[in-house]
Amino acid sequence: MKALYLEETGGPESARVTDVETPMPQAGEVRIAVKAASLNHREIFITNGQYPGMTVPTTLGCDGAGVVDMIGEGVTGAKVGDEVVLYPARNWGPNRHAPAADFGLLGMPFPGTIAEYVCVPVDNLAPKPAFMSFEEAGAMPLTALTSWRALMFKGQLKPGETLLISGIGGGVATFGL
C-alpha cells in the first residue's frame with residue numbers, strides 16, 4: 001500500500017510517499033480503508049525529531065476517517081462497510097485528567113493514518129456522522145479532542161464562566177471557540 005512514511009528525521013522533506021506492507025488486523029482490531037486523513041503541526045515536530053518518545057520508521061498521521069474493510073478475531077461492535085472516524089489515542093488509561101505512561105497516538109508511536117489502510121483497536125472507532133464528509137470527519141479528532149480536554153479537564157470550565165481563547169485560526173483554538 002502507499003503511505004506517508006518517515007524512515008529518519010530531517011525535516012518535512014524527509015517524509016516520503018512510498019510502498020509499505022499492508023497491515024492485517026490482530027485480535028481485537030479492525031482494518032480501515034482510509035478515505036481521508038489530515039496533517040497537523042505534530043507531523044512537522046515528528047519529521048524534525050522534536051517529538052517525545054520518537055521511534056522511526058513510522059507511517060505519519062494521527063487523524064483519519066474511512067470504511068471498515070477487515071475485522072480481526074474477537075471483534076464485536078463493528079462490521080465491514082461501517083463508515084468511521086478514528087479516535088487517535090491509544091492507552092489513555094483510567095485517569096480522565098492525564099494519560100497513562102504507555103499512552104501514544106496514531107502516527108507516533110503507532111502506525112499512522114496517512115496511508116491506504118490502518119489497523120486500530122475496535123474501541124478506537126466512532127461512527128462517522130452522516131452530515132460530515134470523510135474529509136471533514138478525518139480532519140477533526142486530534143484538535144477537537146485536545147481542545148475539549150483542555151477546556152473540560154485541565155481548565156475545568158463551567159457554565160457561565162468567561163474564557164479568553166488566544167490564537168484563533170489554529171485548529172485547537174478554533175474548536176475551543
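I noted first that strands are DSSP runs of E, at least two residues in length, numbered from the N terminus. With that in hand, I found Pro109 in strand β9, residues 109–110. This is a predicted model.

**Entry 1: cis bonds.** I stayed with Pro109. The peptide bond that joins Met108 to Pro109 is cis, and its omega is about 10°. I then looked up Pro57, which lies in the loop between α1 and β4. The bond from Val56 to Pro57 is also cis, with omega near 10°. I wrote down the general rule beside these: most peptide bonds are trans.

**Entry 2: positive phi.** I checked Asn91, in the loop between β7 and β8. Its phi is near 65°, and Asn91 is not a glycine. Asn91 is partly exposed, because its relative accessible area is 39% and that class runs between 20% and 50%. Next came Gln156, in the loop between α3 and α4. Gln156 has a phi near 50°. Its relative accessible area is 43%, so Gln156 is partly exposed too.

**Entry 3: strand β6.** I followed β6, residues 83–86, to its partners. Strand β5 runs antiparallel to β6, and three bridges join them. Strand β11, residues 125–127, also pairs with β6 in the antiparallel sense, over three bridges. I picked Val85 in β6: Ala65 stands opposite Val85, and in β11 the bridge partner of Val85 is Ala126.

**Entry 4: Thr47.** Is Thr47 buried or exposed? I located Thr47 in helix α1, residues 41–47. Thr47 counts as buried because its relative accessibility is 2%. A polar atom of its side chain lies 3.0 Å from the backbone oxygen of Ile44.

Methods
Residues are numbered from 1 along each chain as its sequence is written. This is a predicted model: local features need pLDDT of at least 70, side-chain atom pairs count only at pLDDT 80 or more; totals for chains, interfaces and linings use all residues. Side-chain values use heavy atoms; hydrogens and water are left out. Two strands pair if DSSP finds at least two bridges between them. Helices (H or I, at least four residues) and strands (E, at least two) are DSSP runs, numbered from the N terminus. Buried means under 20% relative accessible area, exposed over 50%, partly exposed in between (1.4 Å probe, protein chains only). A polar contact is a pair of N or O atoms within 3.5 Å; within protein, one must be able to donate a hydrogen and the other to accept it, and residues adjacent in sequence count only if both atoms are side-chain atoms.
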